[in-house]
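Q: I have a structure open on my screen and would like to learn how to read its side chains. Could you take me through it step by step?

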Amino acid sequence: MKAHLMPNPEAIDLLGRALLPNGTEEACAIRCRDPDTMELVLASTVQPGIRLLCHVESLGVIEGIVAENTPGGRCLIHVQATTAHLSRLGARLAWHRRRATEASRARDHDGVIPRFNTVRVRTETGSDTTGILLSLSMTEATLRLTTHVEIGTTLAIGRRRATVVRYTDDGLAARFFLPLRPEDVTPDIVL
């Protein structure tokens, strides 16, 4: 099924599977603006008032009641969940929005994976730790540390000063105060 949702910068589009009232499962696309109401695109039409169960990627199982059908095979559902569950859904949606915003920003420069990837990292409080460089570009380094560092923290990565700008799946990304020269960004770089 190829689902088309109208663009909305505030909404997060995810894929999932819906359990229909007749007991069959159907692939669906889900547009989430907030944790209370979601828009589903299904091949089947589901009547208002019907309870749906959806498994949404990276959100989990969501139970809701169809509020209305809209053109194009869409239906709006009101999510049925406890306050705590709605809060968790809201946090996950916020994470997806941040992630989508970061992904939409094109990287300024191509990166490399350094051969000499062990690096000394010093925090602004003066504590030293060892980091593993995962990738490096003229403006940023992605690294894994043994200690937790907050976003906005100033670091010395080797001899380069940087600020932690985001967390990644493997660690964190830090933006250099001054960019590296393009000719220095090679797999043989040592910070």
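Q: Let's begin with salt bridges: which residue forms a salt bridge with Glu 140?

A: A salt bridge is read from a side-chain nitrogen of Lys or Arg within 4 Å of a carboxyl oxygen of Asp or Glu. In this predicted model, the partner of Glu 140 is Arg 166, and their closest N and O atoms are 2.9 Å apart. The pair links distant parts of the chain, with Glu 140 in strand 9 and Arg 166 in strand 11, 26 residues apart.

Q: Is Glu 140 buried or exposed?

A: To decide, look at relative accessible area: under 20% is buried and over 50% is exposed. Glu 140 has 6% relative accessibility, so this residue counts as buried.

Q: What about Arg 17: which residue does it meet in a salt bridge?

A: Arg 17 pairs with Glu 25, with the closest N and O atoms 2.7 Å apart. Arg 17 comes to 38%, so it counts as partly exposed, while Glu 25 is exposed because its relative accessible area is 52%.

Q: Now the nonpolar core: which residues touch the most other members of the largest one?

A: The idea is to follow buried nonpolar residues that are joined through their side-chain atoms. The largest such core has 23 residues, and those touching the most other members are Met 38, Leu 40, Leu 42, Leu 52 and Leu 59. Strands 1 to 6 and helix 1 each give two or more residues to this core. Apart from it lies another core of 21 residues, including Leu 133 and Ile 157.

Q: What does Met 38 touch?

A: Leaving out residues up to four places away in sequence, Met 38 touches Ile 30, Arg 31, Cys 32, Leu 59, Ile 62, Cys 75, Leu 76, Ile 77 and Val 79.

Terms used. Residues are numbered from 1 along each chain as its sequence is written. This is a predicted model: local features need pLDDT of at least 70, side-chain atom pairs count only at pLDDT 80 or more; totals for chains, interfaces and linings use all residues. Side-chain values use heavy atoms; hydrogens and water are left out. A nonpolar core is a set of buried Ala, Val, Leu, Ile, Met, Phe, Trp, Tyr and Cys residues joined through side-chain atoms within 4.5 Å. Buried means under 20% relative accessible area, exposed over 50%, partly exposed in between (1.4 Å probe, protein chains only). Helices (H or I, at least four residues) and strands (E, at least two) are DSSP runs, numbered from the N terminus. Contact means heavy atoms within 4.5 Å.
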